[in-house]
Amino acid sequence: MTADLEGRVAAALARPVTAPVRAFAAYLATHRSDARPVAAVLFYGSNLRTGSLDGVLDFYILTTDAREERIWPRVSYHEWEWQGVPLRAKVATMNLATFAAAARGDRLDTTIWARFVQPAALVWQADDAAAAGVVTAVSQCAATAARLAVALGPQAGTPEDYWRALFRATYAAEFRVEKAGREDSILSANRDHFDGLLPLALLAQGIDFARGADSVIRPHLPAAQRRALLRWWRARRRMGKPLNVTRLLKASTTFEGAARYAAWKIERHTGIAVALTPWRERHPVLAAPGVLWRLWRARRAAARSAA
């Protein structure tokens, strides 16, 4: 990667965030049940853009532990209070080396480079070396995403045309439900972040382009390189949904704090509190039918009372 791209990424990762978010990130990094040393914590998602503390905050914890689970990342839910303010977080944990390999496109996974070409903030780091490793990895996310964008996009177009083609393809490859036009909402909500990023990411990996009027560019991508990129993408597109399903199945049994997360979601959306017993905490999947049955009865009783 060139110094220009890494400088741009470093500045983006240093974006300001609220004190509660930084404090929560430090708490998550230093109070761990698995004792794995943490290199850095990334904060991302809609709360990064809005600055709101409402709902669930999204963090990625990157460790320096050489061990890595076969199906990564590991997902957990946490609740913490900062100066009287209740905070909630969904946390994905993985090894920094695995994160970097996925960012380079060395893994079949698409979620890392497609997610972290979008805005994120580096909200905690163990030291300068860890921060530099994260900057390099996130720069690789931009490079991987950019070269696929120009392979999937038109022969000539605006940077938005290429990013739109990229996000449309990656969302279609994953097992998730998104409203039509999700790629447009990503770009419109983050114009400053994407402004100028595509040309910088292309030049960082030696992909030249011609500039035209109205921000139109024409990437100089040889036919053989385009074919190779599309072959690379087809392998990942085929594995997108199976990998997502596998992760969902894993999360159903390994999601730490799943019962508390589900109880919070139910109360938030229905107004009905769910009592968390020790058994429900230990066996959230087995407890789900009983909880849903009680929820149905409570809503039915509420409807009768209102009638």
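**Aromatic pairs and helix packing in a predicted model**

Let me start with the rings: the count comes to 14 aromatic pairs, where rings of Phe, Tyr and Trp (its six-membered ring) pair if their centres lie within 6.5 Å, and where planes under 30 degrees apart count as stacked, over 60 as edge-to-face and the rest as tilted. Before I go on, this is a predicted model, in which local features need pLDDT of at least 70 and side-chain atom pairs count only at pLDDT 80 or more, while totals for chains, interfaces and linings use all residues. Residues are numbered from 1 along each chain as its sequence is written, and side-chain values use heavy atoms, with hydrogens and water left out.

One of these pairs is formed by Phe24 and Trp80, which are stacked at 5.5 Å centre to centre with 25° between the planes. Phe24 lies in helix α2 (residues 19–30) and Trp80 in strand β3 (residues 74–82), so this pair ties together parts that are 56 residues apart in sequence; helices (H or I, at least four residues) and strands (E, at least two) are DSSP runs, numbered from the N terminus. Phe24 is buried, with a relative accessible area of 0%, whereas Trp80, at 22%, counts as partly exposed, given that buried means under 20% relative accessible area, exposed over 50% and partly exposed in between (1.4 Å probe, protein chains only).

Tyr44 and Phe116 form an edge-to-face pair, again described by 5.5 Å centre to centre, but with 65° between the planes. Tyr44 lies in strand β1 (residues 38–44) and Phe116 in helix α5 (residues 111–116), so the pair ties together parts that are 72 residues apart in sequence, and both Tyr44 and Phe116 are buried. Phe24 and Trp80 also belong to one aromatic cluster, together with Tyr27, Phe43 and Phe59.

Now to the helices. Helix α1 (residues 3–13) and helix α6 (residues 128–152) pack at an angle of about 110°, with their axes 9 Å apart; axes are lines fitted to C-alpha atoms, for helices over the stretch in contact, and angles run from 0 to 180 degrees between N-to-C directions. The two helices, α1 and α6, are therefore roughly perpendicular to each other, a term that covers 65 to 115 degrees. On the α1 side, Leu5, Glu6, Val9, Ala10 and Leu13 meet residues of α6 that include Val134, Val138 and Ala142, contact meaning heavy atoms within 4.5 Å.

Finally, 11 of the 15 residues of α7 are buried, so this helix is largely enclosed by the rest of the structure; among the buried residues are Trp163, Arg164 and Phe167.

Note on methods: Parallel < 35°, antiparallel > 145°, perpendicular 65-115°, else oblique.
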